[in-house]
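Please look over the sequence and the model shown here.

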Amino acid sequence: MTNPWSSEVKFSDGKLSLCRISATDLAREFGTPTFFLDEEDFRSRATAWGYSLKDSFGENAGTVYYAAKSFICVEVARWIDQSGIGLDVCTGGELAVAIAAGFPPARMELHGNNKSVAEINQAVENGIGKIIIDSLYEIERIAAAAKACGVRQKVMLRLTPGIEAHTHEFISTAHEDVKFGFSIASGVAWQAIIAVHHHEDLELVGFHSHIGSQILDTEPFGEAADRLIALLARYRDEFGAELPELNLGGGYGISYLESDDPLSPNQAMFALAAAVTDSCKRNDLHIPKISIEPGRAIVGPSMFTLYEVGTVKEVVLDDGGTRNYISVDGGMSDNIRTSLYGAEYVGVIANRAASAALRQSRVVGKHCESGDIVIRDIQLPVDVVPGDFLAVPATGAYCRSMASNYNHVPRPPVVAVSNGKARVILRRETLSDLLSLDV
Ligand SMILES: *Cc1c(COP(=O)(O)O)cnc(C)c1O
């Protein structure tokens with residue numbers, strides 16, 4: 001049993017509070033739907049990954065890059081900066097947020113399988129620490145930007161190590177069939193290595209891989225590291241020098257359901273260090289600096305979404321049973337993960353003790369789409385009524401960041417709560433925001 005709620009969420013008499021502020025008070029002050037972000041929980045996760053990397057790798061610890069795509073806004077970029085870790089951005093938009101926050105460019109890296117020339121220029125001009133190269137085309141594009149700025153740009157190569165990681169197992173078939181990176185098996189990776197190695201405007205610092213998401217065990221990371229380290233050895237054999245760094249990506253899972261059993265930062269880093277050390281020994285290599293890119297594992301558990309129930313209807317199912325459809329005031333525009341990936345969530349009535357019998361229920365949104373589901377199957381009390389508040393935990397990652405304006409629904413705000421105080425860090429969209437694009 002794991003707890004999908006952040007550390008400052010408490011329940012008393014069935015009522016949810018965050019840092020001692022009740023869900024009812026939060027809803028009254030900020031409206032619904034709203035994302036509530038437990039600031040201390042977020043900050044301690046960010047620093048925990050930094051510490052665990054250092055503890056496990058010692059002098060070979062590289063950088064923890066927070067994956068901005070999981071959730072970013074100016075204030076959160078400042079927290080990441082204050083926690084001393086790095087930032088991984090993958091578009092000019094994410095980069096612009098980081099720069100607006102005053103994030104030090106040297107501690108940032110740029111990803112993307114199709115970075116525009118404008119994005120590459122923006123990154124190089126701002127002095128970004130590293131660019132992760134994803135295609136042969138990009139080599140010349142980045143080199144041209146570097147030459148124009150008079151710098152030698154540090155780059156890594158994103159490789160597909162032939163590992164496809166799933167939540168509970170990993171398989172190594174169909175692994176080449178992805179849009180990202182250079183395949184090691186086909187030899188394209190080696191072609192890219194040679195092209196970058198000989199480029200005077202680029203400094204190759206190492207290899208990168210990112211093998212998947214919501215991964216709950218250690219083996220796939222060790223396996224990916226091993227394949228990248230074998231390539232480091234080949235590089236050493238060919239060029240007589242060792243590359244200094246490996247970035248082994250993100251993908252560390254979190255608890256969405258009480259049955260999910262995620263790795264702690266210490267468990268994950270300790271196991272990775274063992275695998276890397278072993279592999280380097282076998283290949284007679286120095287241990288390179290190891291960097292990682294957790295997104296979900298930092299922000300995911302730190303937020304919950306608070307909705308208000310608007311309607312409840314009971315339907316009779318084919319098997320004679322019944323189901324309650326509980327409609328909330330958001331839906332697929334603030335959490336697309338259920339309809340996109342079949343993601344599973346839990347949820348609770350947050351404003352009162354709910355002691356009534358449980359009924360098979362489905363939490364749905366307000367959009368004009370049958371697939372607009374927040375929680376497909378959940379047992380909720382039969383006496384849920386309009387006006388109740390429903391809280392869904394673990395919505396920090398890939399919910400607000402993937403939010404849309406479908407049906408012209410304004411996107412919800414993010415409210416940071418810390419030390420008994422709540423403040424808006426990303427405001428709710430308004431109808432005039434929506435109309436502002438119409439020419
Ligand atoms: C998405 C992504 C991450 C973060 O993944 P999480 O599952 O949120 O940890 C890290 N690196 C790259 C390259 C990614 O695409």
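How many bridges join strand E2 to E3? Two bridges join strand E2, residues 15-18, to E3, and the two run antiparallel. Within this pairing, Leu18 has Ile21 of E3 as its bridge partner. This is a predicted model, in which local features need pLDDT of at least 70, side-chain atom pairs count only at pLDDT 80 or more, and totals for chains, interfaces and linings use all residues. Residues are numbered from 1 along each chain as its sequence is written, and side-chain values use heavy atoms, with hydrogens and water left out.

Strands here are DSSP runs of E with at least two residues, helices are runs of H or I with at least four, and both are numbered from the N terminus. Two strands count as paired if DSSP finds at least two bridges between them. E2 belongs to an open sheet of three strands with the order E1-E2-E3 and antiparallel pairing. Strand E1 (9-12) and strand E3 (21-22) are at the edges with a single partner strand each, so one side of each has no neighbour in the sheet.

Further along, strand E5 (residues 61-67) is joined to E6 by three bridges, and these strands run parallel. Ala67 stands opposite Asp88 in E6. Between E5 and E6 the chain passes through helix H3 (residues 74-82) in a right-handed β-α-β crossover; right-handed means that, with the strands pointing away from the viewer, the path from the first strand over the helix to the second runs clockwise.

E6 also pairs with strand E7 (residues 108-110), in the parallel sense over three bridges. Val89 has Leu110 in E7 as its bridge partner. The chain crosses from E6 to E7 through helix H4 (residues 92-100), and this β-α-β crossover is right-handed.
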